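Please keep the model open while reading.

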Amino acid sequence: MFVLENGAKKKGEDPRLQAISQAIRVVPHFPKQGIMFQDITTLLLDHSAFKDVVDIFVDRYRDMDISVVAGVEARGFIFGSSIALGIGAKFVPLCKPGKLPGEVISEKYVLEYGTDCLEMHVGAVQHNERVIIIDDLVATERADAEVVECACVIGLSDLKPSFRYAANLMESHFISLWSHVK
């Protein structure tokens, strides 16, 4: 395992983590004053660091019988679809309101700098499927699926993620490849 639960990493556990963290640009005061935005576009320009991110997640989930990778718009699409391909799972996009045709499930959530809402297609996740969510936790709990983990590339050490669970879900774990923000 390359990371610890709750976003903490062991020093020296995986040398790829340092290159990944160095490839992420911090943009002060974006999208508003006081926010230190973690910009992954610079990570995407570094093909080796980008591949390392995907490889670390694929290595983690390959043998966990995951059937669904749900990715949060837009960062979760980038990483989630690659991870889904790597582990042989289907990819379910979690989108901003009004971007999916057909019937959807909606879930509002709180951001560091406001609130938002995400939607997914009704029926995209089936009862008893095993799901990982890349970037955030939202509507899959309403589909009676087992949310195995919520995973992200960037974890802010001063934020404590809190997730709501349906009564029949096993407790999820939050993992992050990069949790040290300076």
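Helices (H or I, at least four residues) and strands (E, at least two) are DSSP runs, numbered from the N terminus. Asp-65, for instance, lies in the loop between helix 3 and strand 3. The model is predicted: local features need pLDDT of at least 70, side-chain atom pairs count only at pLDDT 80 or more, and totals for chains, interfaces and linings use all residues. Residues are numbered from 1 along each chain as its sequence is written, and side-chain values use heavy atoms, with hydrogens and water left out.

**Helix packing**

- The axes of helix 1 (residues 16-23) and helix 3 (residues 47-61) come within 9 Å and cross at roughly 130°.
- Helix 1 is therefore oblique to helix 3.
- Angles under 35 degrees count as roughly parallel, over 145 as roughly antiparallel, 65 to 115 as roughly perpendicular and the rest as oblique.
- Axes are lines fitted to C-alpha atoms, for helices over the stretch in contact, and angles run from 0 to 180 degrees between N-to-C directions.
- Helix 1 contributes Arg-16, Leu-17, Ala-19, Ile-20 and Ala-23 to the contact (heavy atoms within 4.5 Å).
- From helix 3 come Ala-49, Asp-52, Val-53, Asp-55, Ile-56 and Asp-59.

**Nonpolar cores**

- A nonpolar core is a set of buried Ala, Val, Leu, Ile, Met, Phe, Trp, Tyr and Cys residues joined through side-chain atoms within 4.5 Å.
- Buried means under 20% relative accessible area, exposed over 50%, partly exposed in between (1.4 Å probe, protein chains only).
- The largest core has 24 residues, and Leu-43, Val-69, Ile-83, Ile-87 and Ile-132 have the most contacts inside it.
- Two or more residues each come from helix 1, helix 3, helix 4 (75-87), strand 7 (130-134) and strand 8 (146-154).
- Helix 3 gives the largest share, 7 residues.
- Beyond four places in sequence, Ile-83 contacts Val-54, Phe-57, Val-58, Val-69, Ile-132 and Ile-134.
- Another core, of 15 residues, lies apart and includes Ala-70, Ile-105, Tyr-109 and Cys-150.
- Val-54 sits in helix 3 and is buried at 12% relative accessibility.
- The C-alpha atoms of Val-54 and Ile-83 are 5.9 Å apart, across 29 residues of chain.

**Backbone exceptions**

- Most residues other than glycine have a negative phi, and most peptide bonds are trans.
- Phe-30 to Pro-31 is a cis peptide bond, with omega near 5°.
- Glu-73 and Ala-74 are also joined by a cis bond, with omega about -5°.
- His-29 has a positive phi of about 60° and is partly exposed at 41%.
- Asp-65 has a positive phi of about 55° and is exposed at 62%.
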